[in-house]
Amino acid sequence: MRTTLDFSPLFRSSIGFDRVLDALEAASRVETIDNWPPYDTVKTGEHDYRITMAVAGFSQDDLTITQEQNMLMVSGQKAGEDTGQYLHRGMTERPFQRRFELADHVKVIGASLVNGLLAIDLKRETPEEMKPRKIEIAAGEALPKVETKQIEADKQAA
């Protein structure tokens, strides 16, 4: 039995969390989980991550990695048809497409393919304007006081 969650109350009472709520809705709509190709996600440093995918049988020319905004997409498709007569085919070389939702400011910094393992290195780079900064407090004279003016209006009888 599948349960769907209603996120509409959260949309009414939150501001600026649209992306998070959209991701929660998308996660609840997942139909089937495709476990191929298998992958690991590892945090390698404070702001560094690595995705390692087992793509045995695929070459660099068969793989494509693209990043659009906060979505990383890894796809693979064999270039040629193998015309051999198989008695048993246990190693799959079917086309695949795997998507990863990335947090804000996470960028792909490199990828490598070694011994059938595709490693994609990611880094979270917070822009300078979003980092906390210290505000210096000036010593000495106080700021001049701003004089407030009140506007008088004619009183009318109700």
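**View 1. Ring pairs link Trp36, Phe58 and Phe96 into a cluster.** This is a predicted model, in which local features need pLDDT of at least 70 and side-chain atom pairs count only at pLDDT 80 or more, while totals for chains, interfaces and linings use all residues. Residues are numbered from 1 along each chain as its sequence is written, and side-chain values use heavy atoms, with hydrogens and water left out. The structure holds 4 aromatic pairs, where rings of Phe, Tyr and Trp (its six-membered ring) pair if their centres lie within 6.5 Å, and where planes under 30 degrees apart count as stacked, over 60 as edge-to-face and the rest as tilted.

**View 2. The pair of tryptophan 36 and phenylalanine 58 is tilted.** The ring centres of tryptophan 36 and phenylalanine 58 are 6.1 Å apart and their planes stand at 45°, so the pair is tilted. Because tryptophan 36 lies in the loop between helix H2 (18-28) and S1, and phenylalanine 58 in the loop between S2 and S3, this pair ties together parts that are 22 residues apart in sequence. Helices (H or I, at least four residues) and strands (E, at least two) are DSSP runs, numbered from the N terminus. Tryptophan 36 counts as buried at 17% relative accessibility, and phenylalanine 58 counts as buried at 6%; buried means under 20% relative accessible area, exposed over 50%, and partly exposed in between (1.4 Å probe, protein chains only).

**View 3. The pair of phenylalanine 58 and phenylalanine 96 is edge-to-face.** With their centres 5.4 Å apart and their planes at 90°, the rings of phenylalanine 58 and phenylalanine 96 form an edge-to-face pair. Phenylalanine 58 lies in the loop between S2 and S3 and phenylalanine 96 in strand S5, so the pair ties together parts that are 38 residues apart in sequence. Phenylalanine 96 is buried, with a relative accessible area of 7%. Lysine 78 lies over the face of phenylalanine 58, at 5.8 Å from the ring centre; a charge sits over a ring if NZ of Lys or CZ of Arg is within 6 Å of the ring centre and within 35 degrees of the ring normal.

**View 4. Three strands form an open sheet in the order S3-S4-S5, with antiparallel pairing.** The edge strands, S3 (63-68) and S5 (96-101), each pair on one side only, where two strands pair if DSSP finds at least two bridges between them. Strand S4 (residues 71-76) is joined to S5 by 6 bridges, and methionine 73 stands opposite arginine 99 in S5.
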